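Okay, thanks for coming, everyone. I'd like to walk you through one model today, so let me put it up on the screen.

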Amino acid sequence: METETRFAIETSGLSRKFGDFDAVRNLDLRVDCGTMYGFLGRNGAGKSTTIKMLTGILKSTAGTIVLLGTDVINDESALSVRRRIGVVPEDLALFDTLTAHEYLTFVARMYRIDDSTLENRIDELLDVLELGADHKQLVLEYSHGMRKKLALAAALLPDPDLLFLDEPFEGVDAVGSRIMRDILNRFVGRGSTVFLTSHVLDIVEGVCSHVGIIDAGELVFQDRMDALNERRLEEVFLELVGSTEEMTSELSWL
């Protein structure tokens, strides 16, 4: 797939304040097209806030956001770029009283996908992600892992060029996780881009070609995975954001 710009995501001075609290400060992201980018940080570091700003769910306090070559804050053509983006948000935002097929049909209508195309894509997604066994089962009956897979199916349905995934593997079993990773690797292999957050560093280390680390709202590391020079990602992560005191503390009764 041809791309019009080197970067799928480019931000400058991206910031978000909540009152006097700086959730994200002066974030300068550079995510190359055709890469799997792992965005890491401790709980509350600013990962989900960043994704919400990048996807338009949350307005930034300051800074610029350029997605797929378009300034999505100031450019009037930003809506057309949004149609080229898929999102698995932190809270999933599924409709519990629909079946999986009904939910995906709704998503397809929102993206204006024609009837023949949507039926083929929905059937394939439900089959590959193992969600089509019971056509009458409502989303509210799904396990957390099944809900994650359905959210990924909805994000992939419009055939986007850029995917934002907030903790996509959380609660997914080993088989489901492998299926999802295979899909994402194929997605990136054709030239598309994935921006994901995860607390499972082994998964990030195994699938991502690039990594960024955020701590207390500030980007403290951003590079290719191979720039770690054979060091484990966990080692680098703990060195940058871990507290020596916390990691060596002990419980008095153990």
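This is a predicted model: local features need pLDDT of at least 70, side-chain atom pairs count only at pLDDT 80 or more; totals for chains, interfaces and linings use all residues.

Residues are numbered from 1 along each chain as its sequence is written, and side-chain values use heavy atoms, with hydrogens and water left out.

So, the helices. Helices here are DSSP runs of H or I with at least four residues, strands are E runs of at least two, and both are numbered from the N terminus. Have a look at α3, residues 100-110, and α5, residues 144-156: they pack at about 30°, and their axes are 9 Å apart. Axes are lines fitted to C-alpha atoms over the stretch in contact, and angles run from 0 to 180 degrees between N-to-C directions. That angle makes α3 roughly parallel to α5, a label for anything under 35 degrees.

Who touches whom? On the α3 side we have Ala100, Tyr103, Leu104 and Val107, and they meet Leu150, Ala153 and Ala154 in α5; contact means heavy atoms within 4.5 Å. By type, that contact has seven nonpolar residues, no polar and no charged. Nonpolar covers Ala, Val, Leu, Ile, Met, Phe, Trp, Tyr, Cys and Pro; charged covers Asp, Glu, Lys and Arg; the others, Gly among them, are polar.

Now the cores. A nonpolar core is a set of buried Ala, Val, Leu, Ile, Met, Phe, Trp, Tyr and Cys residues joined through side-chain atoms within 4.5 Å, and buried means under 20% relative accessible area, with a 1.4 Å probe and protein chains only. The largest core has 53 residues, and Leu104, Leu150 and Val194 touch the most other members. Its largest share, seven residues, comes from α5. There's also a second, separate core of 25 residues, including Leu27 and Phe164.

Next, strand β9, residues 193-197, where Thr193 sits. Thr193 counts as buried because its relative accessibility is 1%. Beyond four places in sequence, its contacts include Asp32, Thr35 and Asp161.

Key
Buried means under 20% relative accessible area, exposed over 50%, partly exposed in between (1.4 Å probe, protein chains only). Angles under 35 degrees count as roughly parallel, over 145 as roughly antiparallel, 65 to 115 as roughly perpendicular and the rest as oblique.
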